[in-house]
Amino acid sequence: ARAEMRERKAREAVYGEVRKSMMRGERTRVQELRKERAEEGAREKREDESRRRRQEETRISVEAERRLEDLRQQNVLKSLAMRLAAEKDVEERLNRPKKQQVENLRYSEALRHRLLDGIES
């Protein structure tokens, strides 16, 4: 009976050591899993931040290009407006003598008609 008792206690001691060892292994595995999850979370966070940064840089780049295009279009419009104003000015200068000539003709016609009206009456 004592031998059985010793054997039983020895078996229980072995089982206890096995349980402790299994528990240590389980704790170690859980710690490793937590560490892996934390590392994965940190990696995903870095990737998300990097992706957000790239998206922001792209948005800024697109916006800058749009502004540049707007400025180019404004410059083209200003250039056209200046060209039209210059052409109008040149045309006006070229037509000035003709206008003066037409006015002189009208004036002389009016005088002639007044003279003729004065002679007829």
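Okay, first the ground rules. What you see is a predicted model, where local features need pLDDT of at least 70 and side-chain atom pairs count only at pLDDT 80 or more, while totals for chains, interfaces and linings use all residues. Residues are numbered from 1 along each chain as its sequence is written, and side-chain values use heavy atoms, with hydrogens and water left out.

So, the overall picture. The protein chain has one helix and zero strands; helices here are DSSP runs of H or I with at least four residues, strands are runs of E with at least two, and both are numbered from the N terminus. With a radius of gyration of 51 Å, against the 14 Å that the globule rule gives for 121 residues, the chain is more spread out than a compact globule. That radius is taken over C-alpha atoms, and the rule is 2.2 Å times the number of residues to the power 0.38. Along its principal axes, the C-alpha trace spans about 170 × 25 × 5 Å. The helix, H1, covers residues 2–120.

How much of this chain is buried? Of its 121 residues, 1% count as buried. Buried means under 20% relative accessible area, exposed means over 50%, and partly exposed is in between, using a 1.4 Å probe and protein chains only. The chain exposes about 12000 Å², with carbon and sulfur atoms supplying 54% of that. Those areas come from the Shrake-Rupley method with a 1.4 Å probe, and for residues only the protein chains shown count as cover.

Now for the surface patches. They're built from residues with over 30% relative accessible area and no salt bridge, joining like charges within 9 Å and nonpolar side chains (Val, Leu, Ile, Met, Phe, Trp, Tyr) within 5 Å. Val-14, Tyr-15, Val-18 and Met-22 make a nonpolar one of about 410 Å². Met-22 sits in helix H1 and, at 57% relative accessibility, counts as exposed. There's a patch of negative charge too, made by Glu-32, Glu-36, Glu-39, Glu-40 and Glu-44. Glu-32 is partly exposed at 47%.

Let's pick one more spot on H1: Lys-98. At 53% relative accessibility, Lys-98 counts as exposed.

On to pairing. Side chains of opposite charge can pair when their charged atoms come close. We call it a salt bridge when a side-chain nitrogen of Lys or Arg is within 4 Å of a carboxyl oxygen of Asp or Glu. How many turn up in the whole structure? The search finds 16 salt bridges.

Here are some of them. Arg-8 pairs with Glu-12, with the closest N and O atoms 3.5 Å apart. These two are four residues apart in H1, so about one helical turn separates them. Arg-8 is partly exposed at 44%, and Glu-12 is partly exposed at 41%. Glu-26 and Arg-29 meet at 2.9 Å, N to O; they're three residues apart in H1, again about one helical turn. Then Arg-53 bridges to Glu-49 at 4.0 Å between the closest N and O atoms, and those two are four residues apart in H1. Finally, Glu-56, Arg-59, Glu-63 and Arg-67 are linked in a network of salt bridges.

Notes: Lys, Arg positive; Asp, Glu negative; His and termini not counted. Charge placed at Lys NZ, Arg CZ, Asp CG, Glu CD.
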